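Hello,

Here is the structure I promised to pass on to you. Have a look at it first, and then read my notes below.

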Amino acid sequence: MSERVPATSSHDLPVPPALAEFMLGGWAPTEAPVRADPGVAGWAAKRRARLAGMFPGEHLVIPAGGPPVRSNDQYFRFRPGSDYTWLTGDGDRGGVLVLDPAGEATLYTDEPPRPGTAAYWTDRNAGIVWNGPRADLTTLGEALEIRCRPIGELAAALGSAGRTRLRRTVDPAVDTLVPVTDPVADADLVVALADLRLVKDEWEVGQLQHAVDVTVRGFEDVVRAMPAALAGGGERWLEGTFARRARSDGEEVGYQPIVAAGAHAAVLHWNRNTGPVRPGQLLLLDAGVEVGTRYTADVTRVLPVDGRFSPLQRDVYELVRRANDAAIGQLRPGAMFRDYHWAAMAVFAAGLVDLGLLRCSLDEALDPQRQLYRRWTLCGSGHMLGLDVHDCSRATTARYVEGELQAGMVLTVEPGLYFQPNDELVPAELRGLGMRIEEDLLVTEDGSQNLSAALPRTADDVESWMSGLTG
């Protein structure tokens, strides 16, 4: 139910009646694949049943949304809303999922224009000539194992519905069909979806492992491209190198990558990626591939652009690696979500005391009322991962940041140290140094599984790995 662009644009030529008549005939039938993984339908049905069970007797409306405008009549590449994808497996634009009070599901979406209609070749938004073939409602319904109806029936269906909760702000056109009568009820639907998505099912774990595997290949590509970056391509070249792997083996990058050489690594969210890459520097690469099912990886490694760490770089890197190890050691069902962060912070505080940066005892450094170590490690040590890089961000505090870990949760572990270039409280040789190691972890019944274990962790292993890739 997304807003549509006009059938013609200001720069289009007028259509003579003879051409309109000529364009109606001579077309063979077209077939189009459904943008959904063949194995997802059964899992999506189970998810819908769980959601419906939380709101018995109500209508629940979850739209896919449409592509946002980039400029004028140009659009960003479309990605469906994560909640819609989770509940349907559908990857196309404009769909609206409705669960009725009995929990029965209907997906409302466009019936593609058929050959022999004017819209087939004149409609810039839905026309097959402009945008390529799309599956018809019958084909889509069979693939997703869900009842599909034309989008034109949605307004009447919602107009006669009783109590209705809507996943708002995804599709403005759908928002207008469901007046806001209880904002809290709509907000509760968003929270419920985030809570449900915290624990991944078997199919989701497989998709996340696939995303990580492609990401690993992207990191290997970046290492092989390091000479070209040193020769003048810089951070831009390395970003493009990773993006090529994301598009060839996946769908897209899962988020704007951080490709940070030298002092840029101390900028926590550096993503302009416009700087040079120079000998002796470190490159902090934080990147993840989003695969066709919209699940994404999120991995970080620090790479010496010459292939070898300096003694100081190695010492700081190994401190960060030890903190990462300590954090991973806390991951198990029943542990509190924050436990792994505090384990990493204990390692950092001790290391900063040893470096002489914290001029106090370790007990004082770890005092919760002071936390002075945070000058050099400002952010948390990880987050949930899934359809979104910061997955389930609207989940209840009690189930997420103040909750217990459960088997099936997937999260990142990414403690880091960042010494700003203008920080006069650290020695000159540390200024501008940024270090982060980020892994993607699945919580298992008896601990955790490192989905990104194919990438090296220790300084020695990073050097050996880079040497093997570059010869």
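**Strands E10 and E12**

Strand E10 (residues 282-287) and strand E12 run antiparallel and are joined by six bridges. Within this pair, leucine 285 sits opposite arginine 301 of E12. Please keep in mind that this is a predicted model.

Is E12 buried or exposed? Six of the six residues of this strand (residues 299-304) are buried, so E12 is largely enclosed by the rest of the structure. In a regular strand, side chains alternate between the two faces of the sheet. You can follow both faces in E12: Val299, Arg301 and Leu303 are buried on one side, and Thr300, Val302 and Pro304 are buried on the other.

**A three-strand sheet**

Further along, look for an open sheet of three strands in the order E13-E16-E17, with antiparallel pairing. Strands E13 (410-413) and E17 (447-450) stand at its edges with a single partner strand each, so one side of each has no neighbour in the sheet. From one strand to the next, the twist averages 40°. E13 and E16 (residues 439-444) run antiparallel, with four bridges joining them.

**Helix H10**

At 1.5 Å a residue, the 23 residues of H10 (residues 202-224) should span 33 Å, and the end C-alpha atoms are 34 Å apart, which agrees. What caps the N-terminal end of H10? Aspartate 201 does, with a side-chain oxygen 3.2 Å from the backbone nitrogen of tryptophan 203.

Best wishes

Key:
Residues numbered from 1 in each chain as written. Predicted model: local features only at pLDDT ≥ 70, side-chain atom pairs only at ≥ 80, totals over all residues. Heavy atoms only, no water. Pairing = 2+ DSSP bridges. Helix = DSSP H or I, 4+ residues; strand = E, 2+ residues; numbered from the N terminus. Axes fitted to C-alpha atoms, helices over the stretch in contact; angles between N-to-C directions. Expected span 1.5 Å × (residues − 1). Polar contact = N/O pair within 3.5 Å; in protein donor to acceptor, adjacent residues only side chain to side chain. Buried < 20%, exposed > 50% of the residue type's maximum accessible area, 1.4 Å probe, protein only.
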